[in-house]
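Open the structure in your viewer and keep the selection tool at hand. The tour goes from one selection to the next.

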Amino acid sequence: AVEELRPFRLRSCRNPQKFGVAARNLREILQKGCRLLTVPLIGSRLCLYEDGTEVTERLFQALPPHTELVLLGPGEKWMGCVSDIEKFLVAFSSQRDAVVAAARHLLSDERAPKRQKLLADLIHNLSENILAEDRGEDEKWFEGLESRFKNKSSYMRYSCESRMRSYMKEVSGFISNVPPTARDAYKEIIELMRDKLKSVKYNGCYFDRREEEEAARLCTKEGWFSCQGSFDREDCPSKHSINPYSNRESRILFSTWNLDHIIEKKRAVVPELVEAVKTRDGRQVNWEYFYRLLFTVDNLKLVHIACHKKTNHNLSCDKRKIYKK
């Protein structure tokens with residue numbers, strides 16, 4: 001019986017462009033592929049795009065139509081689709097436009113749903129104008145936000161300020177747990193903290209990429225934020241990172257990240273502050289220490305929602321710092 005022609009998708013390891021080639025057997029597709037891609041026939045071989053498995057005659061006959069194959073010349077190697085990813089990563093920092101173009105080319109001929117999504121997400125993220133700051137430079141980023149926000153940093157500052165104001169409200173609301181005889185002293189400390197927060201604009205500079213000195217403690221100047229892991233771990237094991245300045249979706253997703261108090265606010269810091277006021281016995285409470293624990297990155301970690309542990313941290317305030325010497 002005469003073998004039937006079957007269609008395949010063929011490419012080289014150097015170029016992502018794919019060609020349709022029909023062949024009856026391994027030798028025939030090698031001959032056609034070498035002529036098409038100008039590869040020497042002697043020493044050439046075929047492998048699967050997916051994982052780099054070398055194609056034998058027996059494997060070739062079992063392959064379904066339209067399987068993607070890579071033609072390798074003498075000395076060339078292919079490690080599967082990972083090889084394309086390596087090229088993307090090498091080009092990522094210096095050739096963003098080239099990466100986008102290559103990803104679009106691959107996507108135009110891609111049929112696997114998972115790979116389609118990966119390529120589409122890559123194109124979406126790299127095509128956005130990350131460095132754009134003003135509303136007029138990136139209108140899509142501001143969709144759904146009030147018109148008073150004229151640039152990205154102003155909205156990010158506002159978001160951080162809102163978090164700090166909510167912390168301040170919680171600390172103020174704890175006054176009901178303070179004995180009447182100590183409430184005036186507690187109120188005085190609250191006012192000192194509030195004045196301090198106002199003077200530094202509620203620490204909004206933490207999320208302002210233009211305020212380099214402070215923002216650098218959480219992110220890079222370009223606006224990339226990295227998850228700092230849970231309270232009991234140095235680094236995030238999943239290497240979560242995000243740039244909320246890149247596009248609207250990233251901005252919304254970033255709002256789900258948490259500023260996690262390492263020494264917990266409700267379980268440890270505020271109760272310790274109340275206790276310090278109650279038992280001060282003429283001593284002066286070191287309110288600046290509590291301020292740093294409540295409102296600064298001395299005790300705050302930026303954490304992806306998946307890394308935010310809501311269990312008891314079992315950490316307490318430093319007893320040596322509660323009162324001023």
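In what order do the 4 strands of the open sheet lie? The order is β2-β1-β4-β3, and the pairing is mixed. Keep in mind while looking that this is a predicted model.

**The sheet**

Select residues 19–23 and then residues 45–48: these are β2 and β3, the edge strands, and each of them pairs on one side only. From one strand to the next, the twist averages 45°. Strands of a sheet pair through backbone hydrogen bonds, and the pairing is either parallel or antiparallel.

Next, select residues 68–72, which make up strand β4. Strands β3 and β4 run antiparallel and are joined by 4 bridges.

**The domains**

Colour the chain in three parts: domain 1 is 6–78, domain 2 is 82–126 and domain 3 is 142–307. The C-alpha centres of domain 1 and domain 2 lie 22 Å apart. Domain 1 gives 12 residues to the contact, and domain 2 gives 9 residues. Between them the two domains bury about 960 Å², with 40% of this on carbon and sulfur atoms.

How many salt bridges cross the interface of domain 1 and domain 2? There are 3 salt bridges across it. The count of residue pairs in polar contact between domain 1 and domain 2 is 3 as well. Show the side chains of E68 and R115, which meet in a salt bridge at 3.5 Å, N to O.

**A salt bridge in a helix**

The count of salt bridges comes to 21. To see another, select residues 183–199, helix α7, and show E191 and R194. These two form a salt bridge, with their closest N and O atoms 2.6 Å apart. E191 and R194 are 3 residues apart in helix α7, so about one helical turn separates them.

Technical notes:
Residues numbered from 1 in each chain as written. Predicted model: local features only at pLDDT ≥ 70, side-chain atom pairs only at ≥ 80, totals over all residues. Heavy atoms only, no water. Pairing = 2+ DSSP bridges. Helix = DSSP H or I, 4+ residues; strand = E, 2+ residues; numbered from the N terminus. Axes fitted to C-alpha atoms, helices over the stretch in contact; angles between N-to-C directions. Domains from an automatic or database assignment. Contact = heavy atoms within 4.5 Å. Buried area = accessible area lost by both parts, 1.4 Å probe. Salt bridge = Lys/Arg side-chain N within 4 Å of Asp/Glu carboxyl O. Polar contact = N/O pair within 3.5 Å; in protein donor to acceptor, adjacent residues only side chain to side chain.
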